[in-house]
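Notebook open, structure loaded. I'm jotting down what I look up as I go.

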Amino acid sequence: MPNRYPGAISQDWEPVVLHKSKAKAQELRDPKAVNQALRSGAPVQTMKKFDGGSNKKAAPVLNTRKLEEGTEPGNLERVPGEVRQAIQKARLAKKMSQSELAKLINERPQVVQEYENGKAVPNQAVLAKMEKVLGVKLRGKIGK
């Protein structure tokens with residue numbers, strides 16, 4: 001049988017070295033990798049972040065209040081006393097609780113409570129729902 005290779009066949013015995021890819025920064029910060037490095041005695045660099053782990057807010061600008069007063073209205077209009085009384089009287093006349101009224105108008109009970117306490121900023125859509133369920137006029141002449 002004829003030899004396909006001209007000349008002597010020899011093996012290539014030079015060593016081949018495979019290197020692992022360098023660890024990425026995210027992998028180096030992994031707690032497992034840090035603990036392993038500490039156990040093996042490898043040098044571990046730690047850096048403390050400025051204000052790291054503190055719950056402090058940034059120092060406010062001194063003129064923040066003046067800035068807010070200049071751009072926004074000072075007081076938002078709240079529910080007038082007449083409307084609060086009308087909501088309460090109508091609800092009690094129908095023997096409803098605040099949570100029952102809230103369910104009927106598809107709002108949270110907290111919303112009804114805020115309207116009756118006068119803490120809410122009047123929303124015409126919510127007042128309209130209350131008018132429909134309670135059968136009382138809450139918008140228009142009342143509150144002007």
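This is a predicted model: local features need pLDDT of at least 70, side-chain atom pairs count only at pLDDT 80 or more; totals for chains, interfaces and linings use all residues.

**Val136.** I started with Val136, which sits in the segment after helix 7. Helices here (H or I, at least four residues) and strands (E, at least two) are DSSP runs, numbered from the N terminus. Val136 counts as partly exposed because its relative accessibility is 26%; buried means under 20% relative accessible area, exposed over 50%, and partly exposed in between (1.4 Å probe, protein chains only). Then I looked for its partners: leaving out residues up to four places away in sequence, Val136 touches Ala86, Ala90 and Glu131, where contact means heavy atoms within 4.5 Å. I also checked Val136 against Lys89, 47 residues apart along the chain, and got 9.7 Å between the C-alpha atoms.

**Ground rules.** Residues are numbered from 1 along each chain as its sequence is written, and side-chain values use heavy atoms, with hydrogens and water left out.

**Overall.** Of its 144 residues, 16% count as buried. I also looked at contacts with a separation of 6 or more: residues 24 or more positions apart account for 54% of them.

**Arg91.** Buried or exposed, I wondered about Arg91? Arg91 counts as buried because its relative accessibility is 9%. Arg91 is part of helix 4 (residues 81-93). Neighbours within four places in sequence aside, Arg91 is in contact with Met96, Ser97, Gln98, Leu101, Glu116 and Leu134.

**Helix 4 on helix 6.** Two packed helices are described by the angle between their axes and the distance between the axes. For helix 4 and helix 6 I have axes that come within 7 Å and cross at roughly 125°; axes are lines fitted to C-alpha atoms, for helices over the stretch in contact, and angles run from 0 to 180 degrees between N-to-C directions. Helix 4 and helix 6 are therefore oblique to each other (under 35 degrees counts as roughly parallel, over 145 as roughly antiparallel, 65 to 115 as roughly perpendicular and the rest as oblique). Arg84, Ile87, Gln88 and Arg91 of helix 4 make the contact with Tyr115, Glu116 and Asn117 of helix 6. By class I noted two nonpolar, two polar and three charged residues in this contact. For the classes, Ala, Val, Leu, Ile, Met, Phe, Trp, Tyr, Cys and Pro count as nonpolar, Asp, Glu, Lys and Arg as charged, and the others, Gly among them, as polar.

**Helix 6 on helix 7.** At what angle do the axes of helix 6 and helix 7 cross? I get roughly 90° for helix 6 (residues 109-117) and helix 7 (residues 124-134), with the axes coming within 12 Å. Helix 6 and helix 7 are therefore roughly perpendicular to each other. Val111, Val112 and Tyr115 in helix 6 meet Val126, Leu127 and Met130 in helix 7. That contact divides into six nonpolar, no polar and no charged residues.

**Positive phi.** Most residues other than glycine have a negative phi. I flagged Lys95 anyway, with a positive phi near 55°. Lys95 lies in the loop between helix 4 and helix 5 (98-104) and, at 75% relative accessibility, counts as exposed. Asn106 also went on my list, with a positive phi of about 60°. Asn106 is in the loop between helix 5 and helix 6 and counts as exposed at 66% relative accessibility.

**Largest pocket.** Last entry: the largest pocket holds about 230 Å³ of space. On a 1 Å grid over the protein atoms alone, a pocket is an open set of points where a 1.4 Å probe fits, with protein on both sides within 12 Å along at least five of seven lines; lining residues have an atom within 4 Å of a point. I wrote down Leu28, Arg29, Ala33, Val34, Ala37, Ala42, Pro43, Val44 and Gln45 as the lining. Helix 1 (25-29) and helix 2 (31-40) are the elements that give two or more residues to that lining. Helix 2 contributes the largest share, three residues. The lining residues divide into seven nonpolar, one polar and one charged. Helix 2 itself is hardly covered, with one buried residue among its 10.

Notes. Grid points are joined across faces, edges and corners, and a volume is the space filled by probe spheres set on the points.
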